[in-house]
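Colleague: I'd like to get past the labels and see what stands behind them. Could you go through this one with me, giving the cut-offs as we go?

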Amino acid sequence: MQQLLECVPNFSEGRDMAIIKQITDEIQAVKGIQLVDVDPGKATNRTVVTFVGEPKPVTEAAFRAIKKASQLIDMRHHKGAHPRFGATDVCPLVPVSGISMEETAKLANELARRVGEELEIPVYCYEAAANEKKRKNLANCREGEYEALEKRLTTAEWKPDYGPATWNHNTAKTGATAIGARNFLIAYNVNLNTTSVRRANSVAFDIRERGRVKREGDPITGKIVTDEKGNKVWEPGLLKSVKGIGWFIEEYGIAQISMNLTDITVTPLHKAFDATCEQAAARGLRVTGSELVGVVPLEAMLEAGRYFLKKQRRSTGLPEEELIRIAVKSMGLDELYPFEPDKKIIEYILKDKSNKKLTDRTLKSFADETASESPAPGGGSIAAYTGALGAALGTMVANLSAHKRGWDHRWEAFSTAAEKGMKIQQKLLLLVDEDTQAFNKIMDAFSLPKSNEEEKSARTEAIQKATEYATRVPLKVMKTAFESFSLLKDMAENGNPNSVSDAGVGALCARAAVRGAMLNVLINAGGLSDKTLAGELINKGKAIEEQALLEEKIIMKIVNDKIK
C-alpha cells in the first residue's frame with residue numbers, strides 16, 4: 001500500500017493573498033505533492049492549507065512552507081481572532097494510508113529538528129509527536145499565545161523541543177511553531193428534516209463526546225449543576241472523539257448537525273451517521289442525508305460500505321467502486337450535490353491521471369494493444385490478467401452463494417471467501433502493469449550508453465538488476481494466482497451448485513496463469529549471470545507449478561462429478 005501523509009499547516013496570515021500564494025507556491029513546487037485546499041480567514045487572519053503526498057515530499061513541502069512564512073510574516077504586527085504564537089502556528093502531519101502513527105510522529109520530530117536547527121525557529125512537538133505528556137495538548141504549548149512567548153521560551157518548563165530558547169530579533173519575528181502528529185479529522189454534516197436549530201442542537205448534544213450541561217429536574221430548563229469549585233458539570237454524549245453543534249443552512253433550507261470526527265479510528269464515519277439517525281428518530285426527526293466537508297481517506301469509505309452491507313447481511317467482497325457507491329447511498333452523501341470520488345477521496349485525488357494503465361483499458365483496447373507489433377504487454381501481463389479473471393470467478397461464486405435464497409445463515413462465510421478472492425484479484429491486476437513495467441526496465445537498461453568501460457560496467461549491472469526484477473515479477477504472479485485455488489476448491493465443493501462450472505473455469509484460469517508466468521520465469525532467468533540465483537528462482541517456480549497442476553485436477557474432478 002502506498003504511504004500517504006496529509007499535512008495541514010496553519011499560517012498567521014489570512015488577508016494578504018499575495019503572501020498566501022507565495023507560501024502555497026513553495027508547497028506546489030515539490031514534486032509529488034497535491035494541494036487539496038487553501039482556506040483563508042479575514043477575521044482570524046489565518047490560512048489553513050491542506051496538502052497530501054508520500055512522506056518525503058510532504059515533509060519537504062512543509063519545511064519550505066514554514067521557511068517562506070518565516071520570511072514573509074512578522075508576528076510583531078499580527079492580530080487575529082484565532083489563538084496563535086507563530087508565523088506558521090501549527091503544522092500537523094496526519095497518516096492517511098500505509099503508515100503508522102508511530103512512524104508519523106517520528107517524521108514530525110525529524111521535521112521539527114530541521115526547522116529548529118536550519119531556520120532557528122522554536123518548535124514544540126504536540127499530540128502523538130509530543131516528548132512529554134503535558135505537551136500533547138496544543139493549548140498547553142500555546143498558552144498565553146505570542147504575547148507570552150518571550151517569557152515562556154526561557155523557562156525550563158517550556159523550553160522548546162527544538163530550536164532556540166532565546167528571545168531575539170529572529171524569534172520575535174517568527175514566533176514559535178507547533179509540529180505534531182494526529183489522526184485524520186473529518187468535517188461531517190448530517191442533514192435533518194427540520195429548520196429548528198434548537199432541535200438539531202439537542203441531537204448534537206446527545207451524540208458529541210462533551211455532551212450537555214447537567215441540570216436538576218427538567219433537562220432543558222432545570223438549574224445547572226455545578227461542582228465544588230463552581231464549574232458546570234457535563235453529561236457526556238454517546239460518541240468519543242466527536243465534536244458537534246446544530247445550525248441552519250439557509251442555502252439548503254435545512255438544519256444540520258455539524259460534526260468534527262477527530263479520530264476516525266475511535267468513531268468512524270458510518271458509526272457517527274447511524275448514531276445520529278437513532279437519536280434524531282428518538283426526538284421525532286429524520287436524517288435525510290449527509291455531507292462531507294473536505295476530503296476523506298479511501299479506507300473510511302470502504303469501511304462504511306462494508307458496514308452497511310453487513311447490516312443487510314450481504315457479502316462485502318465487492319470492488320471498491322461498489323463499496324463506495326453503497327457508502328454514498330447509505331449515508332445520503334449525494335443528497336445536496338453529487339458526490340465525486342475523484343474530488344473527495346484522497347487517494348483518488350493523488351492518482352496520476354497521466355499514467356495510463358493497461359487495466360484501465362477496455363477489453364477490446366487491451367486485446368488490440370496485445371495484438372499490436374509492440375512487444376508489451378506480453379505473456380507475463382496476460383498470465384497475470386488470466387489469474388485475475390480466475391480469482392474474479394471464484395469471488396463471483398462466493399457472492400452469488402452469499403445471496404442465495406435459503407442460505408442466509410451462511411452469508412458471512414461466503415462474504416469472507418469473497419473478500420479473499422477480491423484481494424487476490426486486485427493484486428493480480430496490479431501485476432498486469434508491473435510485468436510490463438519490468439519488461440520496459442530491461443529495454444531501458446539495454447539502451448544505456450556503452451562508449452567506455454565505466455559505462456559498459458554500469459550498463460551490465462543495470463541489465464542484470466532489471467532481469468532479476470523481470471524474473472521475480474512472474475514468480476510473484478505464480479504465487480498470487482496459486483492462492484486462488486483454495487477459494488475455487490471451496491466454491492466448487494460448497495458454493496452455489498448452479499455456478500460450479502464457473503469455479504471450474506476459474507481453476508483453469510488459475511492453472512493457465514501459473515504455467516504462463518512460469519514460462520516467463522524461465523526465459524528471464526536465462527539472462528541472469530548469477531546461475532545460482534537463477535536456479536533458485538526456477539526451482540521455486542517449478543514447485544508452485546507442480547502443486548498448481550495437482551490442485552487443478554482436484555477441483556476439476558469435483559466440478560465434473562457435480563455436472564454429471
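Modeller: Strands (E, at least two residues) and helices (H or I, at least four) are DSSP runs, numbered from the N terminus. Bear in mind that this is a predicted model, where local features need pLDDT of at least 70, side-chain atom pairs count only at pLDDT 80 or more, and totals for chains, interfaces and linings use all residues. Residues are numbered from 1 along each chain as its sequence is written, and side-chain values use heavy atoms, with hydrogens and water left out.

Colleague: What makes β6 and β7 a pair?

Modeller: Five bridges join β6 (residues 123-127) to β7, and the two run parallel. Pairing asks for at least two bridges, so they qualify. One spot to look at is Val 123, which stands opposite Thr 177 in β7.

Colleague: Which way does β5 run relative to β7, and how many bridges join them?

Modeller: They run parallel, and four bridges join β5 (residues 88-97) to β7. Leu 93 has Ala 181 as its bridge partner in β7.

Colleague: Why is β7 described as largely enclosed?

Modeller: Buried means under 20% relative accessible area, exposed means over 50%, and partly exposed is in between (1.4 Å probe, protein chains only). Five of the five residues of β7 (residues 177-181) are buried, so the rest of the structure largely encloses the strand. In a regular strand the side chains alternate between the two faces of the sheet. Here, Thr 177, Ile 179 and Ala 181 point one way from β7, while Ala 178 and Gly 180 point the other way.

Colleague: Why does Ala 108 count as buried?

Modeller: Its relative accessibility is 0%, so it counts as buried. Ala 108 sits in helix α3 (residues 101-118). Leaving aside neighbours within four places in sequence, Ala 108 is in contact (heavy atoms within 4.5 Å) with Leu 93, Ala 129, Ile 179, Gly 180 and Ala 181.

Colleague: How do you know that the length of α10 makes sense?

Modeller: The expected span of a helix is 1.5 Å times one less than its number of residues. For the 12 residues of α10 (residues 320-331) that should be 16 Å, and the end C-alpha atoms are 17 Å apart, which agrees. Leu 323, Ile 324, Ile 326, Ala 327, Val 328 and Met 331 are buried in α10. Among the elements covering the buried residues of α10 are β8 (186-192), α8 (269-282) and β13 (287-293).

Colleague: What is the strand order in the open sheet of four strands?

Modeller: The order is β11-β12-β8-β13, with antiparallel pairing. β11 (242-249) and β13 are at the edges with a single partner strand each, so one side of each has no neighbour in the sheet. Within the sheet, β8 and β13 pair in the antiparallel sense over six bridges. Val 190 stands opposite Ser 290 in β13.

Colleague: What makes Lys 21 and Asp 25 a salt bridge?

Modeller: A salt bridge is a side-chain nitrogen of Lys or Arg within 4 Å of a carboxyl oxygen of Asp or Glu. Lys 21 and Asp 25 meet at 3.0 Å, N to O, so they pass. Both lie in helix α1 (residues 17-28), four residues apart, about one turn of the helix. An α-helix has 3.6 residues a turn, so residues three or four places apart point the same way.

Colleague: Where do Arg 212 and Asp 206 stand, buried or exposed?

Modeller: Both are buried. Arg 212 forms a salt bridge with Asp 206, the closest N and O atoms being 2.8 Å apart. The search of the whole structure finds 29 salt bridges.

Colleague: Why is the ring pair of Tyr 146 and Trp 167 given the name it has?

Modeller: Rings of Phe, Tyr and Trp (its six-membered ring) pair if their centres lie within 6.5 Å; planes under 30 degrees apart count as stacked, over 60 as edge-to-face and the rest as tilted. The whole structure has eight aromatic pairs. In this one, the centres are 5.8 Å apart and the planes are at 55°, so the pair is tilted. Tyr 146 lies in helix α5 (residues 145-153) and Trp 167 in the loop between α5 and α6 (169-174), so the pair ties together parts that are 21 residues apart in sequence. Tyr 146 counts as buried at 9% relative accessibility, whereas Trp 167, at 28%, counts as partly exposed.
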